[in-house]
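Please open the structure in the viewer and display it as a cartoon.

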4 protein chains.
Amino acid sequence: MELGLIGLGKMGGNMRERLRRAGHTVIGYDRNPDLADVHSLKELVDALSGPRVVWVMVPAGNATKATIEALADLLDPGDVVVDGGNSRWTDDEQHADLLGAREIGFVDCGVSGGVWGLENGYALMYGGRPEDVAKVQPVFDALKPEGDLGAVHAGRVGAGHFAKMVHNGIEYAMMQAFAEGWELLEAADSVTDVREVFRNWQQGTVIRSWLLDLAVRALDEDEHLTSLRGYAQDSGEGRWTVEAAIDNAVPLPAITAALFARFSSRQDDSPQMKMIAALRNQFGGHAVTQAE
Amino acid sequence: MELGLIGLGKMGGNMRERLRRAGHTVIGYDRNPDLADVHSLKELVDALSGPRVVWVMVPAGNATKATIEALADLLDPGDVVVDGGNSRWTDDEQHADLLGAREIGFVDCGVSGGVWGLENGYALMYGGRPEDVAKVQPVFDALKPEGDLGAVHAGRVGAGHFAKMVHNGIEYAMMQAFAEGWELLEAADSVTDVREVFRNWQQGTVIRSWLLDLAVRALDEDEHLTSLRGYAQDSGEGRWTVEAAIDNAVPLPAITAALFARFSSRQDDSPQMKMIAALRNQFGGHAVTQAE
Amino acid sequence: MELGLIGLGKMGGNMRERLRRAGHTVIGYDRNPDLADVHSLKELVDALSGPRVVWVMVPAGNATKATIEALADLLDPGDVVVDGGNSRWTDDEQHADLLGAREIGFVDCGVSGGVWGLENGYALMYGGRPEDVAKVQPVFDALKPEGDLGAVHAGRVGAGHFAKMVHNGIEYAMMQAFAEGWELLEAADSVTDVREVFRNWQQGTVIRSWLLDLAVRALDEDEHLTSLRGYAQDSGEGRWTVEAAIDNAVPLPAITAALFARFSSRQDDSPQMKMIAALRNQFGGHAVTQAE
Amino acid sequence: MELGLIGLGKMGGNMRERLRRAGHTVIGYDRNPDLADVHSLKELVDALSGPRVVWVMVPAGNATKATIEALADLLDPGDVVVDGGNSRWTDDEQHADLLGAREIGFVDCGVSGGVWGLENGYALMYGGRPEDVAKVQPVFDALKPEGDLGAVHAGRVGAGHFAKMVHNGIEYAMMQAFAEGWELLEAADSVTDVREVFRNWQQGTVIRSWLLDLAVRALDEDEHLTSLRGYAQDSGEGRWTVEAAIDNAVPLPAITAALFARFSSRQDDSPQMKMIAALRNQFGGHAVTQAE
């Protein structure tokens with residue numbers, strides 16, 4: 001089938017390639033003309049036969065919103081827009097309403113798989129009305145991994161991004177789990193070769209997982225990770241997961257710990273620990289470490 | 001080769017079976033005569049030709065200590081004792097010293113794999129002197145999973161149990177990660193079929209893992225886990241992991257959160273939350289919920 | 001001076017009393033006619049001479065919003081509305097804009113002190129333009145505690161509720177601190193009389209505080225808090241504190257732990273711990289506790 | 001009465017002074033001859049009339065152990081040793097047994113009050129047999145604050161240090177509470193003058209406390225704590241509190257969060273966050289920050 005694809009960055013570009021390998025016709029637009037097949041949204045829309053499916057793969061927030069608003073003016077009733085970016089699930093209903101007012105369908109789709117998706121396929125979680133999802137199905141089928149699993153219609157509009165958000169929340173805590181264990185093994189002097197322990201955990205253990213495989217890859221590149229700083233970004237989904245939990249009065253201690261560890265990692269110096277140091281000095285005369 | 005195996009419970013019994021399938025001669029002792037091949041430790045020792053390898057697979061703590069003390073009196077110089085139970089790594093050096101005084105070798109071995117180990121093999125992490133490990137190697141080779149991985153000589157005496165302990169600490173936080181995500185998906189009304197989301201996460205996602213596969217199995221047996229109580233034991237390794245982290249000044253927020261969640265799960269009513277309720281009532285006149 | 005006071009519940013009623021004792025004229029309105037001095041907002045507004053100050057002390061959210069919207073229609077330019085309820089700081093700017101469009105001033109005021117405020121005075125944190133604050137100042141002076149402290153102009157509109165919100169976040173973690181310590185002392189068998197330890201901590205220690213005094217009061221009423229259930233509500237400010245922290249990438253592990261402990265306390269059974277139990281059963285054949 | 005006091009550092013020196021002001025005779029020994037009244041433990045013991053009371057105020061661990069062993073050889077039946085240092089409660093029973101074998105009494109005493117104790121008095125929590133405590137009572141009465149509170153016989157040997165340990169655990173979480181709140185107020189731009197908010201919280205609020213008073217003192221010396229590094233030591237009691245909680249299966253999320261925050265504050269770079277960065281790079285191609 002034909003697909004319009006907006007956003008040809010690291011993710012979008014690989015997705016175009018995987019879809020073309022599967023025999024689909026992909027017309028791609030990107031603000032960067034070197035990446036693009038067409039050079040305006042209008043050109044993209046004109047190049048597609050109806051009912052059109054247009055997949056938006058741009059940064060969450062204003063960029064996605066502006067793109068969807070522009071598409072609302074260009075598309076026709078019966079067309080479908082897919083938001084495959086990392087949008088907050090609370091944005092989806094607004095986008096669906098905007099498009100729905102013009103009888104344009106909307107599907108939100110969380111996409112997992114990173115740089116490995118081109119070869120391995122992308123895990124997909126999507127939300128929307130069945131009739132809209134049906135129009136995108138051949139694209140989902142081409143993007144997903146081989147086998148029976150890896151793509152799920154999670155519910156109504158918003159459910160795809162919600163499921164992907166929770167996936168990422170789980171991912172945060174799993175990464176933190178391996179990171180904590182690795183630091184402890186490196187800090188204690190009991191285990192001689194931590195990397196070999198990680199490597200052998202890949203078979204037969206309870207914790208075998210793709211993230212463990214990736215940890216071994218990383219340690220094979222740099223056994224003690226000495227070339228890296230302990231500095232980790234967060235991309236929105238972790239924060240939203242905690243906020244959704246608060247809205248639902250669900251305790252998420254491990255996922256939140258993982259999020260806060262990332263926040264701390266980005267502070268050159270911790271303001272709260274300055275206050276701890278100041279209080280210790282006030283009551284106990286404990287020495288404080290002066291800032292340089 | 002010949003192996004003496006002490007402790008033929010769920011784990012030990014399956015290990016005997018896997019070793020026999022691999023062609024080894026296993027003489028098993030258990031306090032339960034229905035399970036045992038021989039009916040005393042002395043009989044077990046007498047039945048083995050030297051240099052003997054005796055694998056202890058009994059509960060950590062006093063049972064393991066008593067067994068090793070008894071073996072110290074029965075075995076000969078050059079024999080080797082393997083502690084394959086869930087002993088605390090700090091016990092290993094004492095056991096090694098006790099046996100070493102009689103020139104008996106000691107190897108500690110953490111074993112992962114649970115009820116799946118019989119078919120899939122057991123992941124093994126062991127510590128000890130190379131000459132002692134060498135005597136046990138055919139047994140390790142038969143117990144481990146197919147393939148190159150799943151068994152590692154982690155370092156000196158104690159390193160095997162230390163590595164297994166950290167494995168279990170990581171396992172605690174990974175389980176907590178999936179549990180938190182599942183509760184959030186069930187609590188929010190966005191995703192229609194949480195089980196199908198979990199099932200499809202098994203391919204293409206960042207969080208694909210054996211624990212995820214097991215979660216899907218559990219949900220297939222009982223979609224909303226309504227037949228279970230939210231009550232989780234802990235087995236020692238989680239506690240020891242946190243204590244080892246404290247000894248090394250390593251922060252373990254996610255693993256500790258997972259441990260504390262299990263503690264809380266076993267309280268019929270939370271004493272600390274009684275105090276919170278009492279304080280709210282004191283300053284704000286907030287209603288309290290009376291105990292029945 | 002004259003004050004219109006809307007909402008005469010536990011807090012509002014006591015504040016009216018404290019203001020009257022200080023010689024101010026308070027005209028109170030409440031939906032409950034038994035509590036009210038006047039029987040409609042219109043009557044309240046008509047009874048006040050301008051420039052009027054009207055203090056809103058009703059539940060945060062829709063009730064506060066509706067009251068402010070009604071006042072916008074009834075008041076005159078130059079009048080001032082004070083929101084003394086537990087509104088989220090993000091509501092304040094909207095309310096200020098709504099009133100400002102009619103040249104009515106707005107001050108948000110966080111109020112601490114609970115049932116003790118009538119006698120001890122209320123701590124006040126307020127935000128708004130200096131000219132609006134000035135019109136309310138005599139009311140603030142009468143409500144605040146004796147002495148130099150206890151009332152602060154924290155900044156622009158929203159700053160009062162923001163400061164009060166953080167106060168409550170700190171309060172959550174302080175309460176949790178005492179609750180955790182109390183549970184540990186009660187659980188261990190080392191200390192014979194936990195209540196006497198708490199009582200004596202009230203002098204000379206680093207942790208002496210009003211909350212400690214209240215804990216002693218509570219223990220004097222019920223030494224082991226046996227009459228209470230470990231069930232704690234949360235009132236919004238704790239959640240908003242965590243959300244504000246997420247917005248600012250500030251790690252709040254202790255405050256968040258306190259919030260999550262309250263969430264957990266309200267669950268009859270923990271869904272996430274059902275999943276932990278299910279996973280342990282899957283890989284280890286560990287016994288699970290069946291729901292009754 | 002007469003007291004032998006061993007250890008005349010910051011705490012011990014001030015305690016000697018407070019006891020002398022109360023009319024007691026204090027004979028002090030310290031390895032530093034400039035601080036000492038006598039120049040050996042033997043000289044100290046010889047200078048006291050029996051039944052002697054000797055207060056040990058030296059660093060916990062080996063120094064305390066060695067001092068008590070030396071006193072066991074020097075003292076007579078009926079004498080009493082007080083350990084007023086920050087010993088782990090698990091050491092107390094051993095020390096009591098050692099001394100008890102020679103019919104010398106033992107009392108463990110946790111002391112709170114820091115550099116303020118000289119003027120304000122020290123809060124005291126002690127454990128031991130009533131007959132031993134009775135011999136020390138005049139010293140406790142002189143050290144404690146004015147008023148009825150501040151000194152408590154908490155139970156048998158070990159109970160004093162246990163109670164002090166939990167006091168410090170609570171203190172950790174309370175300090176963390178204020179530190180988190182302060183960082184959030186400083187990070188958000190809503191509140192104009194955070195220090196004035198803290199100052200005014202000292203009256204009428206739920207969180208008024210000595211630690212809040214000290215925070216205001218610290219901010220008065222350095223409004224934004226710019227001269228300090230966010231680097232906080234921990235002194236043992238926080239760690240032991242968490243370990244005692246683990247032994248008793250008591251969840252301590254806030255106290256543990258406070259302990260871990262201190263651990264993190266002392267790391268130049270976080271190993272675990274290197275692993276997080278490495279994993280993000282592996283699956284997502286996310287940029288990593290190179291170590292310099």
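Select the strands of chain C first: seven of them form an open sheet of mixed pairing in the order β2-β1-β3-β4-β5-β6-β7. Helices (H or I, at least four residues) and strands (E, at least two) are DSSP runs, numbered from the N terminus, and two strands pair if DSSP finds at least two bridges between them. At the edges of the chain C sheet stand β2 (25-29) and β7 (151-155), each with a single partner strand, so one side of each has no neighbour in the sheet. Neighbouring strands of this sheet are turned against each other by 25° on average, direction ignored. Axes here are lines fitted to C-alpha atoms, for helices over the stretch in contact, and angles run from 0 to 180 degrees between N-to-C directions.

The model is predicted: local features need pLDDT of at least 70 and side-chain atom pairs count only at pLDDT 80 or more, while totals for chains, interfaces and linings use all residues. Residues are numbered from 1 along each chain as its sequence is written, chains are lettered from A and ligands numbered from 1 in the order in which they are written, and side-chain values use heavy atoms, with hydrogens and water left out.

Next, select residues 2-6 of chain C, strand β1, which pairs with β2(C) in the parallel sense over five bridges. Within β2(C), C:V26 is the bridge partner of C:L3. Helix α7 (residues 159-187) of chain C packs on this sheet, touching β4, β5, β6 and β7 of chain C, and its direction makes about 15° with that of β5(C). Contact means heavy atoms within 4.5 Å.

Move to chain B and select β5 (residues 105-112) and β6 (residues 123-127), which pair in the antiparallel sense over five bridges. The bridge partner of B:S112 in β6(B) is B:A123. Helix α1 (residues 10-21) of chain B packs on the sheet, touching β1 (2-6), β2, β3 (53-56) and β5 of chain B, with its direction at about 160° to that of β2(B).

In chain A, select helices α7 (residues 159-187) and α10 (residues 237-247), whose axes come within 8 Å and cross at roughly 105°. The two helices α7(A) and α10(A) are therefore roughly perpendicular to each other (a term for angles of 65 to 115 degrees). Residues that make the contact include A:F162, A:M165 and A:Y172 of α7(A) and A:W240 and A:A244 of α10(A).

Where does A:S209 lie? A:S209 is in the loop between α8 (194-200) and α9 (210-221) of chain A. With a relative accessible area of 8%, A:S209 is buried (under 20% relative accessible area, with a 1.4 Å probe and protein chains only). A polar atom of the A:S209 side chain lies 3.1 Å from the backbone oxygen of A:I207. Leaving aside residues up to four places away in sequence, A:S209 touches A:M174, A:F178, B:M174, B:R208 and B:S209.

Finally, select helix α10 (residues 237-247) of chain D. Ten of its eleven residues are buried, so α10(D) is largely enclosed by the rest of the structure. Among the buried residues of α10(D) are D:W240, D:V242 and D:I246. The buried residues of α10(D) pack against α10 (237-247) and α11 (253-265) of chain B, α7 of chain C, and α4 (89-100), α7 (159-187) and α11 (253-265) of chain D. Just after α10(D), D:A249 takes a positive phi of about 55°.

Terms used:
Parallel < 35°, antiparallel > 145°, perpendicular 65-115°, else oblique. Buried < 20%, exposed > 50% of the residue type's maximum accessible area, 1.4 Å probe, protein only. Polar contact = N/O pair within 3.5 Å; in protein donor to acceptor, adjacent residues only side chain to side chain.
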